[in-house]
Amino acid sequence: MARAIWTGVVSFGLVSVPVGLYSATEDHTVHFHQLQRGTADRIRNRRVNERTGDEVDAGDIVKGYEVGEGEYVIVEPEELDEIAPGRSQTIDITDFVDLEEIEPVYFDRTYYLAPRGKEYTKVYELLRAALAQSNRVGVATFVMRGKQYLTALRAEDKVLVLQTLHWADEVRDPGKELPELPSGRAGKGKELDMALQLIDSLARSWDPSRYRDTYREKVEELVKAKAEGQEVAAADEAPTATNVVDLMEALRGSIDRARSGPRKSTGSEPQPSEPARKKAGKPAARTAKRPAARKAAPKASRPSADSRDQRGAGKRELRQLSKAQLYRRATEHDVTGRSKMSREELVDALARAGRRRKNSAA
């Protein structure tokens, strides 16, 4: 059974429930040891005194903040705990917001929250059910391991999920950071129609079990093949960039292939086996043993894709759309300043644009 990596209370209003925080995911990456080339000797990282070169025990290491050249203020761990809001033990919910209003770029890591004891399950379930029925998330902060986190607390089936968020000043503005972005005039006409057809032809219901880490499988296959004196066939090169002149032809070919041929699978369903290895006239890879070591987010339901006959819809219909759909519609209508608008601002701007079109038509 998993162990809690943090314990404390969730607080909303005057209600508090003791909880434990658990990792919701695990890493399955293939990990390698560092060895000195030509040997089976492991490479180790050690903490050493920069001036003397002597190794320093972990218990003798403290945190220091440099205030001048060679001058530091020493801060002890207990001092950091003492100044932490709620003494590092409270997930303090301050606001409840619609999940779809939080842009995906803000989400970071995912955790599960569980009540710390049967006597707290009623209050825990009350909060979970209220979040589920309102389709809102609780925005909260808490401190863990010397760092404060902004979080979104949301309801899943029978469990509360906590997702850490990036702070606003940690999210970069693409308009300022990226060298090239398309103009508002791009992505229209026949090319857009065909791109929408291609998306429709490849549309499927979300099933995470259908996808797997094929690169990890290739790495494991490579290691096994080298141990057996074999080699693995190289993967295909990445496709070349599509030329603008050939864009329509590439879209047509993609649609035809998606509609006629079997879809390329990335899931867990059985795959036709292919010979991945070929014999190599090489001796088996060295597997020398080293000497014995000396002890030393949003599950959130999304509205269906917007149709073209809804472009003049009022605010009620517009609020059923996701922010991405609103932004795409604002692009079509060339709404000024749309890239910096919030979801509600996009709704207002599109509603005004719709009224102007109706008035001009009249």
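Predicted model: local features only at pLDDT ≥ 70, side-chain atom pairs only at ≥ 80, totals over all residues.
Reader: Which order do the strands of the barrel follow?

Author: The closed barrel has seven strands in the order 1-2-6-9-8-7-5, with mixed pairing. Strands (E, at least two residues) and helices (H or I, at least four residues) are DSSP runs, numbered from the N terminus. On average, neighbouring strands of this sheet are turned by 40° against each other, direction ignored.

Reader: How do strand 1 and strand 5 pair, parallel or antiparallel?

Author: Strand 1 and strand 5 pair in the parallel sense over four bridges; a pair requires that DSSP finds at least two bridges between the strands. Val9 stands opposite Thr90 in strand 5.

Reader: And how many bridges join strand 5 to strand 7?

Author: Six bridges join them, and strand 5 and strand 7 run antiparallel. Here Ile93 stands opposite Ala140 in strand 7.

Reader: What about strand 8 and strand 9?

Author: Strand 8 (residues 147-156) pairs with strand 9 (residues 159-165) in the antiparallel sense, over seven bridges. Ala155 has Leu160 of strand 9 opposite.

Reader: Which helix packs on that sheet?

Author: Helix 2 (residues 121-134) does, touching strand 1, strand 2, strand 5, strand 6, strand 7, strand 8 and strand 9. Contact means heavy atoms within 4.5 Å. The direction of helix 2 makes about 75° with that of strand 8; axes are lines fitted to C-alpha atoms, for helices over the stretch in contact, and angles run from 0 to 180 degrees between N-to-C directions.

Reader: Changing topic: how many aromatic pairs are there?

Author: There are three aromatic pairs. In one of them, Trp6 and Phe142 are edge-to-face, at 5.0 Å centre to centre with 75° between the planes. Rings of Phe, Tyr and Trp (its six-membered ring) pair if their centres lie within 6.5 Å, and planes under 30 degrees apart count as stacked, over 60 as edge-to-face and the rest as tilted. The pair links distant parts of the chain, with Trp6 in strand 1 and Phe142 in strand 7, 136 residues apart.

Reader: Now the helices. At what angle do helix 4 and helix 6 pack?

Author: Helix 4 (residues 189-201) and helix 6 (residues 247-260) pack at about 20°, and their axes are 9 Å apart. Helix 4 is therefore roughly parallel to helix 6. Angles under 35 degrees count as roughly parallel, over 145 as roughly antiparallel, 65 to 115 as roughly perpendicular and the rest as oblique.

Reader: Which residues meet there?

Author: Among them are Met194 and Leu198 in helix 4, and Leu251 and Ile255 in helix 6.

Reader: Why are helix 8 and helix 9 called oblique?

Author: The axes of helix 8 (residues 323-332) and helix 9 (residues 343-361) come within 10 Å and cross at roughly 40°, and the two helices are therefore oblique to each other. The contact includes Leu326 and Tyr327 of helix 8 and Leu346 and Leu350 of helix 9.

Reader: Last one: what lies between strand 3 and strand 4?

Author: Their hairpin has two residues between the strands, and Gly70 takes a positive phi near 75°. Strand 3 (residues 63-68) and strand 4 (residues 71-75) run antiparallel and are joined by five bridges. The bridge partner of Tyr65 is Val73 in strand 4.

Key: Residues numbered from 1 in each chain as written. Heavy atoms only, no water.
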